[in-house]
Amino acid sequence: MDAKSGMKKNNAVIVRTFGIDFKEPVNIVFCVILSACLLTAVIVYFLGGAIDPSSEKTKGGGVSFSKKVTKTLYSERDMVVAVPTITGIIPELLDAFTMGTLGEKSAENEAGTAGMSDTALGGETLADQDMSTAGTITTTNEPDSAGSVSLSGAAMILDSGQGMAGYDEAASHSELVAQIDTALAANDRDFIGMKMAYQDDFGELSGYPQAVISNFTEYMSTNAEKRSSFINTITNESYSTMRDTAYLILLPVIQLTVNMVSFDNVTVSVPGFQDQILNRGQSAVIKPMLPCMYTISFQSPSWDHTETKEFMADLAERTYTIDVETKN
């Protein structure tokens, strides 16, 4: 009799929203987060680049997401998993949706299988995207892996031919370079921000975060020699690109990896980027940077002073590494 009673209680729990008690506020929060993630996935799906037509799965009648959509879904999944109290069905449903096996998993559950297995994602959890005007520092335990690098925060809008008050629309690359020189000398971050671009992880033109541009233009406006060197470099036509009818300066992506070798709870501060706390064995991937001087600060509650290190980013060398092993 007791066994039967226990079975009835279990059945009641299963029937009641898959074991989620909606009377508890924390479960309502979980569902809101899940809804936001799924809504983002649906928007990305319908607004372009969602399905990979070359995939064998697509040709066979199934649906295979493109690389761009898959990365977005993984990012949303990582955001959910990053909440410590969320376990079980929510991450697994997102895994199944991302891998295109949601229907298969549902069939297995209806047939009475022992539940869904967790999808391997390489053991990494990406940092949440910061939609501020600053660039993003991504924390990772594998600094050299491609999956450890994410896009930056909110970007400046690139010129597509609408121009800007006070400037004539450049009719050639050389004319744009002359305008860039004038704007840098005047510390005009708005013009520089709409005219300087880089290619993101999907090969698309992107504007730099506003805070990154501000740091760059301020440095160039007060360092005539470095400004002259930069202008001489981008005079080369290889730095030219167009967006609709507008000429733009296309720069290579410069990134810095900071490896925290020997310390815990260290705040890494880079001008133009959001602060990031690192522990022993973690790394911060900082991108996209611009060719100028950066003063990087390292601070920990257990230290009696802040450590600093000057770092000069240059177009000639696009990948840099700093290992933090000892204090000065």
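Analyst: Rings of Phe, Tyr and Trp (its six-membered ring) pair if their centres lie within 6.5 Å; planes under 30 degrees apart count as stacked, over 60 as edge-to-face and the rest as tilted. This is a predicted model, in which local features need pLDDT of at least 70 and side-chain atom pairs count only at pLDDT 80 or more, while totals for chains, interfaces and linings use all residues. Residues are numbered from 1 along each chain as its sequence is written, and side-chain values use heavy atoms, with hydrogens and water left out.

User: How many aromatic pairs does a search of the whole structure find?

Analyst: A pair of aromatic rings is described by the distance of the centres and the angle of the planes. When the whole structure is searched, the number of aromatic pairs found is six.

User: What kind of aromatic pair do Tyr 198 and Tyr 208 form?

Analyst: Helices (H or I, at least four residues) and strands (E, at least two) are DSSP runs, numbered from the N terminus. Tyr 198 belongs to strand 2 and Tyr 208 to the loop between strand 3 and helix 9 (210-222), so the pair ties together parts that are 10 residues apart in sequence. The ring centres of Tyr 198 and Tyr 208 are 4.9 Å apart, with 50 degrees between the planes, and the pair is tilted.

User: Are Tyr 198 and Tyr 208 buried or exposed?

Analyst: Buried means under 20% relative accessible area, exposed over 50%, and partly exposed in between (1.4 Å probe, protein chains only). By this scale, Tyr 198 and Tyr 208 are both buried.

User: What kind of aromatic pair do Phe 263 and Trp 303 form?

Analyst: Phe 263 is in the loop between strand 6 (254-260) and strand 7 (266-269), and Trp 303 in the loop between strand 10 (293-299) and strand 11 (307-312), so the pair ties together parts that are 40 residues apart in sequence. Phe 263 is buried at 17% relative accessibility, and Trp 303 is buried at 11%. With 5.1 Å centre to centre and 80 degrees between the planes, the pair of Phe 263 and Trp 303 is edge-to-face.

User: How many salt bridges does the structure hold?

Analyst: Side chains of opposite charge can pair when their charged atoms come close. A salt bridge is a side-chain nitrogen of Lys or Arg within 4 Å of a carboxyl oxygen of Asp or Glu. The number of salt bridges in the structure is six.

User: Which residues are linked with Lys 195 in a network of salt bridges?

Analyst: The side chain of Lys 195 meets that of Glu 169 in a salt bridge at 2.9 Å, N to O. This pair links distant parts of the chain, 26 residues apart: Lys 195 is in helix 8 (residues 189-195) and Glu 169 in the loop between strand 1 (136-140) and helix 7 (173-185). Lys 195 is buried, at 2% relative accessible area, whereas Glu 169 is partly exposed, at 28%. The residues linked with Lys 195 in the network are Asp 159 and Glu 169.

User: What is the N to O distance in the salt bridge of Asp 201 and Lys 287?

Analyst: Asp 201 is partly exposed, at 30% relative accessibility, while Lys 287 is buried, at 8%. In the salt bridge between their side chains, the distance from N to O is 3.2 Å.

User: Which residues does Gln 179 touch, not counting residues up to four places away in sequence?

Analyst: Gln 179 is in helix 7 and is buried, at 12% relative accessibility. Contact means heavy atoms within 4.5 Å. Leaving out residues up to four places away in sequence, Gln 179 touches Tyr 167, Asp 168, Ala 170 and Phe 191.
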